[in-house]
Amino acid sequence: MKKYLIFIIACVAVCLLPFAGMAICPTTVSTENKVMSDFPSLMEEDGFLNLNFFQEFEEYFNEHFAFRNELVYADAKIQTSIFQVSNVDTVTYGKDGWLYYSSTLDDYLGYNRMSDRQIYNLAHNLSLVRQYVEEKGSDFVLSIPPNKNTLYGENMPYYDSYIADHTHNIDLLAPKLQELGVPYADLPQMFRNEEEILYLKRDSHWNMKGAVMAYNCIMDTLGYAHMDYGDSPVSRAKDEDGDLNRMLYTFYGEKELNYKYDIEQAYTYTNDVKSVEDAWIETEGGAGNGTLLMFRDSFGNTLIPLIANQFEKAWFTKEIPYGLESLMERYDPDTVVFEKVERNISEYINMPPIISAMEEKVPQIAGTLESDTTVSIEPLDNDYNYYKISGSVDEALLKDETDIIVRINDTYYKAYHIGANEYAVYIKKKNIQTYPAEIEVLTKDQEICRVVQTKKIDEGEILQ
């Protein structure tokens, strides 16, 4: 009986340790990319009881219990060493200790691949952006860092037999971008041409040598003179703690080798920058390539020090959707760069950059078709200076490369193509002066236009 009592006491003590240990050793740093919650208050600011206290306390405890990171590491080490699997949904454990972002699995397997219509829509939206930027007198380039397993899938786990299609969306997109005249720094092809592995084993991004190559590809596509850093002193150090490494093993995972370039930093930050992870970064003092506005994601972290050195002023932003027009009106950049990783390129279809719709010259209209095309108008959530005119077109009326045009009163506009059969037009509120506004939706195939819906909307009917 005494043995059982000791066992029970020991089990209770182990269970209570994470809670009791919070008094002296709470977890204060998270490996996840989020702000840790504060201890909840029993009372709301208005003096009433906080009815969500226990729910908020559960969240607080799950983030702060004592030895959290150590326990997570121990569990991850057991799972990967014995069972060869990851204990974290966001990380896929591959061969020889390789780690991959789980969100790239569909791209790797060829599941949910974009249709020919969606590929065209993606390229079409980017071509509208290119047109807008160039009409403002700026240069434009698009870059898409490939997913790690797009380049180095040989170290993925047992998924090979489940691959449905070896062709990736970026492979289908590249020729369509060229056809529509979108300047494209072809990073996937550049990396595929290299025998050396240029991504980190335990991180989702390229190593520093890969970053330098990507930077050179972007600058070469722009046609700008720039330092290629080919003669810069390079060393290697085993101090890289990859993002996937931290997700899986918290702060205790094995670090790996990365390249170190001895590059003189000519630029300075002009806003309060904590790190290259910041959502908004401003720089000045680089070489004489004018000014730059760059929309980027985490792959841009290693590009910023390289690119900022080459521009007199630069603005780097992570905002989604891209507030392109408002930022161009404010900063008037000489150059605009889009950088977005392969796994997220569908955002250019679902959340296209915010610009006033480009006007379109419509040839003779061939006629009107009855259809279930829908039309709505409402203030744009992301910027109340704009109205968003949107809806869907009967898929039977859309071929792979059918364009959608929207007439608002007397002006025709090129619409963004959303998803497979939807559309959207952004227009500044001040540009609609006449009500009721007559909105007409047209399809365009090989210069032949047909009206598929017409609707009059009074100002009081606009959804608020």
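Me: At what angle do helix 5 and helix 12 pack?
Reply: This is a predicted model, and the values are computed from it. Helix 12 covers residues 324-331. Its axis and that of helix 5 are 12 Å apart. The packing angle is about 15°.

Me: Are helix 5 and helix 12 roughly parallel or roughly antiparallel?
Reply: Their angle is about 15°. Angles under 35 degrees count as roughly parallel. Helix 5 and helix 12 are therefore roughly parallel.

Me: Is the crossing of helix 5 and helix 12 left-handed or right-handed, and which residues meet there?
Reply: Helix 5 passes helix 12 in a right-handed crossing. From helix 5 come Val129, Tyr132 and Val133. They meet three residues of helix 12: Leu324, Glu325 and Met328.

Me: How many residues of the contact of helix 5 with helix 12 are charged?
Reply: Five residues of this contact are nonpolar, and none is polar. The number of charged residues is one.

Me: At what angle do the axes of helix 5 and helix 7 cross?
Reply: Helix 5 spans residues 116-135, and helix 7 spans residues 169-179. Their axes come within 9 Å. The crossing is right-handed. The angle is roughly 50°, which makes helix 5 oblique to helix 7.

Me: Which residues make the contact of helix 5 and helix 7, and how many are nonpolar?
Reply: Helix 5 brings Ile119, Tyr120, Leu122, Ala123 and Leu126. Helix 7 brings Asn169, Leu172, Leu173, Lys176 and Leu177. One residue of the contact is polar and one is charged. The nonpolar count is eight.

Me: Which residues of helix 7 are buried, and what do they pack against?
Reply: Buried in helix 7 are Asn169, Ile170, Leu173, Ala174, Lys176 and Leu177. Just after this helix, Gly181 takes a positive phi of about 75°. The buried residues pack against helix 4, helix 5, strand 3 (139-143), helix 6 (148-151), strand 4 (184-185) and helix 8.

Me: Which element gives the most to the largest nonpolar core?
Reply: This core has 47 residues. Phe191, Trp206, Leu292, Leu303, Ile307 and Phe316 have the most contacts inside it. Elements that each supply at least two residues include helix 8 (187-192), strand 9 (291-295) and strand 10 (313-317). The most, ten residues, comes from helix 9.

Me: What does Leu292 touch, leaving out residues up to four places away in sequence?
Reply: Leu292 is among the residues with the most contacts inside the largest nonpolar core. Its contacts are Ile307, Phe311, Lys313, Ala314, Trp315, Phe316, Pro333, Thr335 and Val337.

Me: Where is Thr443 found, and is it buried or exposed?
Reply: Thr443 is found in strand 19, residues 437-445. Among its contacts are Val393, Asp403, Cys449 and Arg450.

Me: How far apart in space are Thr454 and Thr374?
Reply: Thr454 lies in strand 20, residues 448-457. With a relative accessible area of 38%, Thr454 is partly exposed. Thr454 and Thr374 are 80 residues apart in sequence. C-alpha to C-alpha, they are 9.2 Å apart.

Me: Which peptide bonds are cis?
Reply: One joins Ile320 and Pro321, with omega about -10°. Pro321 is in the loop between strand 10 and helix 12. Pro436 is in the loop between strand 18 (422-428) and strand 19. Its bond, with omega near 0°, is cis too: Tyr435 to Pro436.

Me: Is Tyr229 buried or exposed?
Reply: Tyr229 is in the loop between helix 9 and strand 5 (234-240). Its phi is near 60°, a positive value in a residue other than glycine. The relative accessible area is 6%. Tyr229 is therefore buried.

Me: Is Asp332 buried or exposed?
Reply: Asp332 sits in the loop between helix 12 and strand 11 (335-339). Asp332 has a positive phi of about 50°. Its relative accessibility is 55%. Exposed means over 50%, so Asp332 counts as exposed.

Methods. Residues are numbered from 1 along each chain as its sequence is written. This is a predicted model: local features need pLDDT of at least 70, side-chain atom pairs count only at pLDDT 80 or more; totals for chains, interfaces and linings use all residues. Side-chain values use heavy atoms; hydrogens and water are left out. Axes are lines fitted to C-alpha atoms, for helices over the stretch in contact, and angles run from 0 to 180 degrees between N-to-C directions. Helices (H or I, at least four residues) and strands (E, at least two) are DSSP runs, numbered from the N terminus. Angles under 35 degrees count as roughly parallel, over 145 as roughly antiparallel, 65 to 115 as roughly perpendicular and the rest as oblique. A crossing is left-handed if the near helix is turned anticlockwise from the far one by less than a right angle, and right-handed if clockwise. Contact means heavy atoms within 4.5 Å. Ala, Val, Leu, Ile, Met, Phe, Trp, Tyr, Cys and Pro count as nonpolar, Asp, Glu, Lys and Arg as charged, and the others, Gly among them, as polar. A nonpolar core is a set of buried Ala, Val, Leu, Ile, Met, Phe, Trp, Tyr and Cys residues joined through side-chain atoms within 4.5 Å. Buried means under 20% relative accessible area, exposed over 50%, partly exposed in between (1.4 Å probe, protein chains only).
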